[in-house]
Amino acid sequence: MWQLGDQSLTSRLLIGSAQYPSPAIMVEAIRASRAEVVTVALRRQRPDEDAGRQFWNLIRETGLRVLPNTAGCRTAREAVTMARMARELFETNWIKLEVIGDDYTLQPDTWQLVEAARTLVADGFEVLPYTTEDLVVARGLVEAGCRVLMPWAAPIGSGQGPLNPYALRTLRDRYPEIPLICDAGLGRPSHAATVMEMGFDGVLINSAVASADDPVAMARAFAAAVDAGRTAYEAGLMTAREMATPSTPVPGTPFWHSDLGAR
Amino acid sequence: MSATLGIAGAGLAGRLLALAMAERGWDVTLFDQDAPDGTRSTTYAGAGMLAPGCELEKAEAEIARYGLQSLPLWKELLARYGPTVYHGFTGSLVVAHPRDQRELQQLQRKVEQRAAESGVVQSVSASRLAELEPALAGRFRNGLFFPVEAHIDNRAWLDALREALCARPVAWHTSTPVARVAPHRLVTAQGDAHAFDWAVDCRGLGARTDLPALRGVRGELLYLHAPEVTLSRPVRLMHPRYPIYIVPRPDHVYLVGATAIESDDLGPITVRSVLELLSAAYSVHSGFAEARVIETVTHCRPAFPDNKPRLLYGDGLLHVNGLYRHGFLIAPALIQFARQYLETGSIPAAAQPIMEAYPV
């Protein structure tokens, strides 16, 4: 069990609800992922008129904790308005805060992000900010009152995997007490396992599952990878050696000859 | 005495079924919320694309199968009811900008993997692309060609069906929405019950009164008049977020669509959607810069949670609903199944994946 905000969770995989071939496949994939938290976008659904009700009901019926997001918002003000609307619609103070600064890469606008986080925390929200791997931005978000950080591995939907593992490790080292969820850019189960092995508390997956040929099977694959990565982290990974040194003397080879290699 | 048939909904499916059964001597009555021009139907709002290959990217295999089955039926239908309706059986093209090549590769991989036969999709070079659509010469390095795909002027076709129906002894109650479709019985929104041997539901989202699982998936598209652009077949642009299609109509008119938003909002098109559709269209051909926006269209596609259509059958009852974005693609095949069920009471083998006894 681990703690995310006010909730105890068993699964360390959070899942998205966009881009599936159909809502039926989405629901099946969400079940297969064993996720307990699902993110939902509402920007384009006319939340003020509840026009996406039927789709959202399918998500509510999964019984998962809903994490609404502010996808598509470009300023702090827009994101704050969307977060308040989401709180009404889904009766939750959780918000995955996204403020987009670049339309092509969907890279977050980190200035606007910190500003929106400050406003929303003061307003009683549990803010889960989608951010870059930047340490100083992370500090700004923590100072703004965020109790969770969601750094990207790579741009949303790119499937590139962790592009800057060093910075992700730095975040883990500098914020050992803050739940870190790797959000965006993970394309393969092995990417998810890699960040979990670094000690991340969870991962959020959407495109990699939704755009697979078989989203349900891919959801299972990610669930297994997240388990493997976490278990490996807890088990304590061996340290890689610089050279392929035999761990015991090779019988028949005197140790003073061993650096000569095969002739 | 001939069998009586009441049909709720005079969109594409309702009209095709009414014609097919009237020609077999059935006594057919149509009910629809709309006027005979059908401008409120999703048929009128669609683009009339027959793309069984491209649809393999997201749709279930049955959709492609019914789509392929429908292609020769379309040729017969056009010859019979709409010889002058604009159409093209010349295939369709898919292109992508250099940095979105991955989308093109992914589409090709998925289609090849899911297609029942080879040859559904072909890689084409820049020179072949220029042969097929000279207007695209020098604009794209490569593309995909789906040779068997086709397109039909949906609005002209709707009108051709109206004429065909009016020339036959079919009773057509316009401006008469149906609230309930029950065995042997249709009940209008005004509360009038009409008895028939068979009651068939061909409504769009209106069928939610009986089938609450149906949901709306909002689609938006634009009509452009672009004298500087000459394209003879549908062109799709792959993009990670703004995939679009451009479908030609006579006289340099093009449909540019379409969004797919999980919402049953029927309100006017949004600025964001216009920006996305037009930027993408302009990136395909700069001649769209001086095009006129002649119309914007929004509607909601009726879909079941798995986005597959259903033929729900019972004694004296048949629902033909949830055609989603595949109305033109699969309607002829579905109407063939419906006709067979009405005439013989048997379930065609090919229809089994989408036919269910109802109520369960």
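Q: Before we start, what counts as a helix or a strand here?
A: Both are DSSP runs, numbered from the N terminus: a helix is H or I over at least four residues, and a strand is E over at least two.

Q: What kind of model is this, and how are things numbered?
A: It is a predicted model, where local features need pLDDT of at least 70 and side-chain atom pairs count only at pLDDT 80 or more, while totals for chains, interfaces and linings use all residues. Residues are numbered from 1 along each chain as its sequence is written, chains are lettered from A and ligands numbered from 1 in the order in which they are written, and side-chain values use heavy atoms, with hydrogens and water left out.

Q: Chain A, then. How many helices and strands?
A: Chain A has nine helices and 10 strands. Its C-alpha trace spans about 80 × 40 × 35 Å along the principal axes.

Q: How much of chain A is buried?
A: Of its 263 residues, 51% are buried. Buried means under 20% relative accessible area, exposed means over 50%, and partly exposed is in between (1.4 Å probe, protein chains only).

Q: What share of the chain A contacts between residues at least 6 apart join residues at least 24 apart?
A: That share is 66%. Contact means heavy atoms within 4.5 Å.

Q: Let's look at α9(A). How long is it?
A: α9(A) covers residues 215–235, which is 21 residues. From first C-alpha to last it reaches 30 Å, close to the 30 Å expected at 1.5 Å a residue. The expected span is 1.5 Å times one less than the number of residues.

Q: Which of its residues are buried?
A: Among them are Phe222(A), Ala223(A), Val226(A) and Arg230(A). An α-helix has 3.6 residues a turn, so residues three or four places apart point the same way.

Q: What do the buried ones pack against?
A: They pack against β3, α1, α7, β10 and α8 of chain A.

Q: Over to chain B. Is His151(B) buried or exposed?
A: His151(B) is buried, because its relative accessibility is 0%. This histidine lies in strand β8 of chain B.

Q: Which side chain does His151(B) make a polar contact with?
A: With that of Tyr86(B), at 3.0 Å. A polar contact is a pair of N or O atoms within 3.5 Å; within protein, one must be able to donate a hydrogen and the other to accept it, and residues adjacent in sequence count only if both atoms are side-chain atoms.

Q: Where is Arg236(B)?
A: Arg236(B) is in strand β15, residues 235–237 of chain B. Its relative accessible area is 13%, so it counts as buried.

Q: What touches Arg236(B)?
A: Leaving aside neighbours within four places in sequence, its contacts include Met49(B), Glu55(B), Leu93(B), Tyr245(B) and Arg325(B).

Q: Where are Ser41(B) and Asp37(B)?
A: Ser41(B) lies in the loop between β2 and α2 of chain B. Asp37(B) lies in the loop between β2 and α2 too. Ser41(B) is buried, because its relative accessible area is 13%. Asp37(B) is partly exposed, at 38%.

Q: What do they touch?
A: Not counting residues up to four places away in sequence, Ser41(B) touches Gly11(B), Asp34(B), Leu158(B) and His299(B). On the same terms, Asp37(B) touches Arg15(B), Tyr44(B), Leu158(B) and Arg162(B).

Q: Backbone next. Which peptide bond is cis?
A: The one from Gly257(B) to Ala258(B), with omega near -15°. Ala258(B) lies in the loop between β17 and α7 of chain B. Most residues other than glycine have a negative phi, and most peptide bonds are trans.

Q: Which residues other than glycine have a positive phi?
A: Asp251(B) is one of them, with phi near 60°. Asn307(B) is another, at about 60°.
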